[in-house]
Amino acid sequence: MRISLHESNDEKEFRKLYEEYYAPFCIYAKRFINDMAICEDIVSDVFASLWDKRNSIELKKDTATAYLKICVRNSCLNYLKHLEYERYDSKHVLVVICL
């Protein structure tokens, strides 16, 4: 079975996918990030990205969850990387100002 989001029932299929996997992936994102609101934003962004790519992506039912899980994980890691960069940058700016 394939999950095709570019067919005539794309909105219905997407809604079904979102409703089934949104909450579990928010919990999965919580493994990386302790702020549930940020986890929810990340998972929402992953689904929004999937919707934007609906005309160019076709997921198989047996690999859809793995694909989404990788997307959520990568998005969490990117968030943490960006957070680390912001902390470093703010410390660096503080040191420069103090000198």
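**Aromatic pairs.** I counted the aromatic pairs in this predicted model. The count comes to seven.

**Tyr 18 and Phe 47.** I looked up this pair in detail. The ring centres lie 5.0 Å apart, with 75° between the planes. I log the pair as edge-to-face, because planes over 60 degrees apart get that label.

Where do Tyr 18 and Phe 47 lie? I find Tyr 18 in helix α1, residues 10-29, and Phe 47 in helix α2, residues 36-52. The pair therefore ties together parts that are 29 residues apart in sequence.

Next I checked accessibility. Phe 47 is buried, at a relative accessible area of 2%. Tyr 18 has 30% relative accessibility, so I note Tyr 18 as partly exposed.

**Tyr 28 and Phe 32.** I turned to another pair. The planes of Tyr 28 and Phe 32 stand at 80°, and the ring centres are 5.5 Å apart, so this pair is edge-to-face.

Buried or partly exposed: which is Tyr 28? I get a relative accessible area of 12% for Tyr 28, so Tyr 28 is buried. The cut-off for buried is under 20%. Phe 32 comes out at 27% relative accessibility and counts as partly exposed.

**Cluster.** Which residues do ring pairs link into a cluster? I list Phe 14, Tyr 18, Tyr 22, Phe 47 and Trp 51. Tyr 18 and Phe 47, the edge-to-face pair noted above, are among the cluster members.

**Charge over a ring.** I ended at Trp 51, one of the cluster residues. The charged end of Arg 54 sits over the Trp 51 ring. I note 4.0 Å from that charged end to the ring centre.

Notes
Residues are numbered from 1 along each chain as its sequence is written. This is a predicted model: local features need pLDDT of at least 70, side-chain atom pairs count only at pLDDT 80 or more; totals for chains, interfaces and linings use all residues. Side-chain values use heavy atoms; hydrogens and water are left out. Rings of Phe, Tyr and Trp (its six-membered ring) pair if their centres lie within 6.5 Å; planes under 30 degrees apart count as stacked, over 60 as edge-to-face and the rest as tilted. Helices (H or I, at least four residues) and strands (E, at least two) are DSSP runs, numbered from the N terminus. Buried means under 20% relative accessible area, exposed over 50%, partly exposed in between (1.4 Å probe, protein chains only). A charge sits over a ring if NZ of Lys or CZ of Arg is within 6 Å of the ring centre and within 35 degrees of the ring normal.
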